[in-house]
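Here is a short briefing for a first look at this structure. Keep the sequence and the 3D view open while reading.

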Amino acid sequence: LDDRTDTAFRVIADHLRMATFAIVDGARPGNKKRDAVLRSVIRRAVRYGYLCFDRREPFLFSLVPTLVEQMGAAFPELRERGAVAADVLRAE
């Protein structure tokens, strides 16, 4: 992988984790304070997908099941509310 692609994968993975955990903990994308931070994190991940991988349709939500599979044993709340997080990410 070249540096740009490697960076894009890392940004998307890190931002997906942060956003999913925040949503599972009750945060929602919005215009004020932590909600605005969550929105900007989601949008940055989507922007990397758009610019580096030519993803024109929503895609971040489709990665949530993989995150749940990988981290669900250590964080059962992901298994319980992962579908909600995917819905919020898709809507955003």
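A helix here is a DSSP run, H or I, of at least four residues, and helices are numbered from the N terminus. By that rule, His15 is found in helix 1, which covers residues 3–24. The model is a predicted one.

**The nonpolar core**

- In soluble globular proteins, nonpolar side chains tend to be buried together.
- The largest nonpolar core in this model has 22 residues.
- Leu16, Ile23, Leu38, Ile42, Leu60, Val64 and Leu89 touch the most other members of that core.
- Helix 1, helix 2, helix 3 (64–71) and helix 4 each supply at least two residues of this core.
- Helix 1 gives the most to this core, with seven residues.
- Leu38 touches Met18, Ala19, Ala22, Ile23, Ala27, Arg28 and Pro29, leaving aside residues up to four places away in sequence.

- Is His15 buried or exposed? His15 has 13% relative accessibility, under the 20% cut-off, so His15 counts as buried.
- The contacts of His15 are Val41, Arg44 and Ala45, not counting residues up to four places away in sequence.
- Thr20 also has its place in helix 1.
- Thr20 counts as buried because its relative accessibility is 0%.
- Beyond residues up to four places away in sequence, Thr20 touches Val64, Leu67, Leu78, Ala85 and Leu89.

**The largest pocket**

- Rolling a probe the size of a water molecule over the atoms shows where empty space is left.
- The largest pocket has a volume of about 170 Å³.
- Its lining is made up of 14 residues. Val46, Pro58, Phe59, Leu89 and Glu92 lie nearest the centre of the pocket.
- Two elements give two or more residues to this lining: helix 2 (33–53) and helix 4 (76–91).
- Which element gives the most to the lining of the largest pocket? Helix 2 does, with four residues.
- Eight residues of the lining are nonpolar and six are charged. No polar residues are found in the lining.

**Aromatic pairs**

- A pair of aromatic rings is described by the distance of the centres and the angle of the planes.
- How many aromatic pairs does a search of the whole structure find? The search finds two.
- The ring centres of Phe9 and Phe53 are 4.8 Å apart. Their planes are at 35 degrees, so this pair is tilted.
- The pair links distant parts of the chain, with Phe9 in helix 1 and Phe53 in helix 2, 44 residues apart.
- Phe9 is partly exposed, with a relative accessible area of 44%. Phe53 counts as partly exposed at 26% relative accessibility.
- Phe21 and Phe75 form an edge-to-face pair, 5.0 Å centre to centre, with 80 degrees between the planes.
- This pair also links distant parts of the chain. Phe21 is in helix 1, and Phe75 is in the loop between helix 3 and helix 4, 54 residues apart.
- Phe21 counts as buried, at 18% relative accessibility. Phe75 counts as partly exposed, at 32%.

**Arg39 and its neighbours**

- Arg39 is found in helix 2.
- From C-alpha to C-alpha, Arg39 and Arg28 are 8.0 Å apart in space. In sequence, Arg39 and Arg28 are 11 residues apart.
- Arg39 touches Pro29, Gly30, Asn31 and Glu92, with residues up to four places away in sequence not counted.

**Positive phi without glycine**

- Lys33 is not a glycine, yet it has a positive phi of about 45 degrees.
- Lys33 is found in helix 2. At 75% relative accessibility, Lys33 counts as exposed.
- Asp54 is not a glycine either, and has a positive phi of about 55 degrees.
- Where is the place of Asp54? Asp54 sits in the loop between helix 2 and helix 3.
- Asp54 counts as exposed because its relative accessibility is 52%, over the 50% cut-off.

Conventions:
Residues numbered from 1 in each chain as written. Predicted model: local features only at pLDDT ≥ 70, side-chain atom pairs only at ≥ 80, totals over all residues. Heavy atoms only, no water. Buried < 20%, exposed > 50% of the residue type's maximum accessible area, 1.4 Å probe, protein only. Contact = heavy atoms within 4.5 Å. 1 Å grid on protein atoms, 1.4 Å probe; cavity = no way out; pocket = protein on both sides within 12 Å on 5 of 7 lines; lining within 4 Å. Points joined across faces, edges and corners; volume = space filled by probe spheres on them. Nonpolar A, V, L, I, M, F, W, Y, C, P; charged D, E, K, R; others polar. Core = buried A, V, L, I, M, F, W, Y, C linked by side-chain atoms within 4.5 Å. Phe/Tyr/Trp six-rings, centres within 6.5 Å; stacked < 30°, edge-to-face > 60°.
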